[in-house]
Amino acid sequence: MSRFRSAVCLLGVAAAVIALPGDTSPRGAAQPGRPDLGGRAGLGGEIIQEYPVGGAMQTAWKVRYAVSSPGSGLVIAGAWFKTTPQADWLKVLENVRLSEIFVPYNNGSRIYDVGAQGNYRLLRHTAEDAGPTGRVHEGGLVVQEIRDAGVLWKYYDKVRRAQDLVLWSTLGAGNYNYLMEYSFRGDGTIGCRLGSTGRNLPGHETTGHMHHACWRIDVDLDDAEHNTVYLVKRQEPKGMRQATDVVTLFNGGVEGGAAWSPQEFTRLRVQARRKNGQGKPIAYELIPHRQGTARHWGGGEEFTHYDFWVTPYRGNEQHYIQLPRFAAQKRKIVDTDVVIWHVSSAYHLPRDEDGLFLGPNGRVQVRGVALATWCGFDLRPRNVFDKSPLYP
Amino acid sequence: MVKSLSIPLCFVVISLLAAGDEAAQAPAELTAAERTAARALAEQALKARDLLRGKVYLTRIEVFPDSRGAKRHAIVTHYRYDGDLGIRTAIDLDRKEVTAVETIPHLPTSLAPEEVAEADRLARADPVVARALARYAGMGKIEVDAVIVSTVIPDDPRFHHRTVRLAFRRGREYLLYAPFVEVDLTTGTVRADRIATGHD
């Protein structure tokens, strides 16, 4: 297959080098009130983004994406990072995708929006979706943006603003729309988020429910065959005057699950053999952004009993809800190729802002949309740099 | 008796068009020949394990590319009404070999096209639904969203049944007077016209 790479000016933002073999101009634009369901096979591309955008390159991301529609939607199919202009590309990710979107309602109803709704497809986006710094690819199925992400660091009279390369798509899930968003920051941070928006489920318009984004994160940090996962906690037991950082092998070094604790700032650390310039092993940490934690107790819902899971990589293990079965094998996850699984959750308690009102037939009607509610996590570098990134 | 193994496959295609310099990317689309082979391999495996009993629908074939050695894995999912059973067959596409068959009771699986058609047919034949939809006769095409819904409440009649929720709409607007409809494909029954109550 041929590879195309061209330097382009990204809507007035210089220094963005983009290779998009599947790139196409927007077409099949959605009609008002009638989104055009996409669903095209064989789509994907590669983007190289340098930072700071518009300045001399200090760091860079190379990101491959793929479209799985119907299926998981927007998939990150590889990500590499450059800590300096002279550095080699460091592989960080092999694959990240939403393995499942699990929607349990408070009344006991259950919907699985990826695993059991095989006809859902990505929507086509327009320039209005993409915003002032965005553009669309793959016939509108994927949006690429450069976003100002606020202050990255500040020290008195010096400051550096953060910039994100953001790739996002929308899964048309019947009454709901799911915004799948992946961001790549110049400091090496990766953000993965799911936004839930659209109409409340007909018949359940007023019933509280969760949207659980069930992520499959195939981290391949440097040499994938030699990654090890640790659980990192900050502990300050009652009565103690000091806190300690506790770093342990995840689940004692065998596959399994772990809970996130708000008191312990629980995070996962994936560590490689390779060391940085200061002699420390390079690592990436999964840091959740959580509103809360939900556990569900129905049969087959054991996959919700932990917030983090780690398994050794197997190509035929792809479905989140089967995690308890996978993990029951108790395989080793030390110094090997690992896959991290994580659930990020949003609770939707219906409100009038969802557009709800009582219709003339006495039934709840909807004339509006539920505004986007987000959940997700960051993958943040630890000792990947030798110094502060993007610092003079 | 396999009822629907000749249905068109609903499959997932992931593709990367960009060639890379770090690792070879596996071809990520299933060719027609590969689809046929994957289906045949799965059916053979299910037959050999005596899993094809009663109504069995092929609901999905997913393919997962793998840059490790440019391998590809397909996962074929069937749904069997007997036992409310999901059956997943893992296939190594390069070696044309079944690597695993898992039976998972009550696994949420996608609807086969025939099941969607059956749910729609049953719903529109229901007097309550037919009466409600008659209000919209001649006002344009009425479409329907079909969603698999399950429940964890043992006393609920939907418990461990193949239940489809149908929401009728014109364009993306759900119909004001259309009932809330659920079709139980396990029993062939229709429930219509539940009224949602207001929130706090």
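Over residues 1-26 of chain B the pLDDT stays under 50, and for this stretch the model has 94 contacts beyond four places in sequence. The structure is a predicted model, with an ipTM of 0.85 and a pTM of 0.88. Chain B as a whole averages a pLDDT of 82, and 80% of its residues score at least 70.

**Chain B: overall make-up**

- The secondary structure of chain B comes to 3 helices and 11 strands, and from the N terminus on these elements follow the order β-α-β-β-β-β-α-α-β-β-β-β-β-β.
- Chain B has 200 residues, of which 40% count as buried.
- Among the contacts in chain B with a separation of 6 or more, 56% are made by residues 24 or more positions apart.

- Four strands of chain B form an open sheet in the order S2-S3-S4-S5, and their pairing is antiparallel.
- The edges of this sheet are strand S2 (56-66) and strand S5 (97-105) of chain B, each of which pairs on one side only.
- On average, and with direction ignored, neighbouring strands of the sheet are turned by 15° against each other.
- Strand S4 (residues 85-92) of chain B is joined to S5(B) by 8 bridges in the antiparallel sense, and within this part of the sheet Arg88(B) stands opposite Glu102(B) of S5(B).
- Helix H1 (residues 32-48) of chain B lies across S2, strand S3 (71-80), S4 and S5 of that chain, and runs at about 125° to S4(B).

- Helix H3 of chain B spans residues 127-134, and its residues Val129(B), Ala132(B) and Leu133(B) are buried.
- Viewed down the axis of H3(B), the buried residues fall within an arc of 95°, and they therefore line one face of the helix.
- On the face of H3(B) turned away from its buried side are the exposed residues Pro127(B), Ala130(B) and Ala134(B).

**Chain A: strand S11 and its partners**

- Strand S11 of chain A, which spans residues 158-173, is mostly covered, with 12 of its 16 residues buried.
- Strand S8 (residues 121-122) of chain A pairs with S11(A) in the antiparallel sense over 2 bridges, and Arg121(A) has Gly172(A) in S11(A) as its bridge partner.
- Strand S10 (residues 142-155) of chain A also pairs with S11(A) in the antiparallel sense, here over 10 bridges, and the bridge partner of Asp148(A) in S11(A) is Gln163(A).
- A hairpin is formed by S10(A) and S11(A) with 2 residues between them, and Tyr156(A) in its turn has a positive phi of about 55°.
- Strand S12 (residues 176-185) of chain A runs antiparallel to S11(A) and is joined to S11(A) by 10 bridges, with Leu179(A) in S12(A) as the bridge partner of Thr170(A).
- S11(A) and S12(A) likewise form a hairpin with 2 residues between them, in whose turn Gly174(A) has a positive phi of about 65°.

Conventions: Residues numbered from 1 in each chain as written. Chains lettered and ligands numbered in written order. Predicted model: local features only at pLDDT ≥ 70, side-chain atom pairs only at ≥ 80, totals over all residues. Pairing = 2+ DSSP bridges. Axes fitted to C-alpha atoms, helices over the stretch in contact; angles between N-to-C directions. Contact = placed C-beta atoms within 7 Å. Buried ≥ 20, exposed ≤ 12 C-beta atoms within 10 Å, placed from the backbone. Arc of directions from axis to C-beta. pLDDT = per-residue confidence, 0-100.
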